[in-house]
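Hello,

Below is the structure for you to look over. The notes on what was found in it follow.

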Amino acid sequence: MKKHLPIIITVALLIVFIVSYLVVDYISRSNASTTAEIYKDSKLIRVVDLSKEDTFTISNDDGSYNVIQVNELGEIGVVEASCSDNTCVHTGFTKTPSKPIICLPNRLEIRIVLEENNINEDEIDSYAY
């Protein structure tokens, strides 16, 4: 029994850590609604609700374009673009503010915005360190 005690303690602590993380993550997600802001030439041109599936095209005057899709998971991404490098397409889908999508040739930027709802100013949120 004494041989297994460190393993049991390690597994118990790991389970407590994982459950705590999942609870904090669930609470923070339930208090936030997520939108994406799409900028062209540093000007806001569209705000997209990520809770609704959608596909649309952003076109420029010179004929360049980006096809943007919001999927069923609440993620947004560029699925087709007229630019030569397609870096924006290869970036994939995102739903976190730390991973914006940028298309330099078409001067397009997609930023994720978390809008906190029903936050009590006296409570510590999950983003405080």
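A residue is called buried under 20% relative accessible area, exposed over 50% and partly exposed in between, with a 1.4 Å probe and protein chains only. This is a predicted model, in which local features need pLDDT of at least 70 and side-chain atom pairs count only at pLDDT 80 or more, while totals for chains, interfaces and linings use all residues. Residues are numbered from 1 along each chain as its sequence is written, and side-chain values use heavy atoms, with hydrogens and water left out.

With 1% relative accessibility, N66 counts as buried. N66 belongs to strand β4, residues 65-70; helices (H or I, at least four residues) and strands (E, at least two) are DSSP runs numbered from the N terminus. Its side chain makes a polar contact of 3.0 Å with the side chain of N106. A polar contact is a pair of N or O atoms within 3.5 Å; within protein, one must be able to donate a hydrogen and the other to accept it, and residues adjacent in sequence count only if both atoms are side-chain atoms.

The chain has two helices and seven strands, in the order α-β-β-β-β-β-α-β-β from the N terminus. Of its 129 residues, 26% are buried.

The largest nonpolar core has 18 residues, of which I68, I76 and I110 touch the most other members. Elements giving two or more residues to this core are β1 (32-40), β3 (54-59), β4, β5 (76-81), β6 (101-103) and β7 (108-116). Such a core is a set of buried Ala, Val, Leu, Ile, Met, Phe, Trp, Tyr and Cys residues joined through side-chain atoms within 4.5 Å.

The whole structure holds four salt bridges, each a side-chain nitrogen of Lys or Arg within 4 Å of a carboxyl oxygen of Asp or Glu. One of them joins R107 and D41 at 2.6 Å, N to O. This pair links distant parts of the chain, 66 residues apart: R107 is in the loop between β6 and β7, and D41 is in the loop between β1 and β2 (43-49). R107 is partly exposed at 38% relative accessibility, and D41 is partly exposed at 36%. Another salt bridge pairs R111 with E109, with the closest N and O atoms 2.9 Å apart. In a third, between D49 and K52, that distance is 3.8 Å. K52 counts as exposed because its relative accessibility is 53%, whereas D49 is partly exposed at 31%.

Regards
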